[in-house]
Amino acid sequence: MKKLIALLVSLALIPSVLTAQEEKFFTTDRELSSSMINNVYQDSDGVIWISTEDGLNRYDGAKFTIFRNDPNDRKSLKNNYTRLAFEDSKNNLFIATIGGLQIYNRATGEFNSVPALLTDTSTTFSNVNVACMTEVEGH
């Protein structure tokens with residue numbers, strides 16, 4: 001009987017021990033730049049990147065940082081409409097906007113354009129609308 005009571009008490013305590021994370025609800029009133037979310041990506045550092053129709057949101061687990069286009073800053077996002085974020089095997093973080101593909105420099109907080117090169121010609125394009133990305137092994 002004592003073993004049964006000890007087992008029941010133990011089972012009753014398990015849910016309180018297993019609660020690992022606090023639930024959070026984020027809104028456009030305080031944290032997110034837009035409720036129109038195109039993509040959510042977690043990079044190798046655990047940072048969450050949320051691509052929206054009105055900027056790129058970076059969430060480090062404590063606070064949000066919103067990146068937007070600044071017409072006076074050529075190192076800002078090319079366009080506020082961000083489609084997705086993608087990190088390659090070398091930890092380069094690529095951001096796709098409807099204004100083109102960019103790579104994010106974590107050290108400086110700057111975005112640099114990545115020209116698209118067509119495989120059948122030597123023509124490059126700077127305003128390519130990227131909808132998805134993948135890394136091909138060996139490239």
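Two strands count as paired if DSSP finds at least two bridges between them. I applied this criterion to a predicted model.

Entry 1, the open sheet. I looked up the strand order and found four strands in an open sheet, arranged β1-β2-β3-β4, with antiparallel pairing. I noted β1 (37-42) and β4 (64-67) as the edge strands, each pairing on one side only. I then took the angle between neighbouring strands of this sheet, which is 20° on average with direction ignored.

Entry 2, the pair β3 and β4. I recorded four bridges between strand β3 (residues 55-59) and β4, and these strands run antiparallel. For R58 I looked up the bridge partner in β4, which is T65.

I listed one helix and 10 strands. Read from the N terminus, the order of elements is α-β-β-β-β-β-β-β-β-β-β. I found that buried residues make up 26% of the 139 residues. I put the accessible surface at about 9,700 Å², with 53% of it belonging to carbon and sulfur atoms.

I located S89 in the loop between β5 (82-87) and β6 (93-97). Is S89 buried or exposed? I class S89 as exposed because its relative accessible area is 57%, and the cut-off for exposed is over 50%. I also checked S89 against S44: the two are 45 residues apart in sequence, and their C-alpha atoms are 9.6 Å apart in space.

Definitions and conventions:
Residues are numbered from 1 along each chain as its sequence is written. This is a predicted model: local features need pLDDT of at least 70, side-chain atom pairs count only at pLDDT 80 or more; totals for chains, interfaces and linings use all residues. Side-chain values use heavy atoms; hydrogens and water are left out. Buried means under 20% relative accessible area, exposed over 50%, partly exposed in between (1.4 Å probe, protein chains only). Accessible areas come from the Shrake-Rupley method with a 1.4 Å probe; for residues, only the protein chains shown count as cover. Axes are lines fitted to C-alpha atoms, for helices over the stretch in contact, and angles run from 0 to 180 degrees between N-to-C directions.
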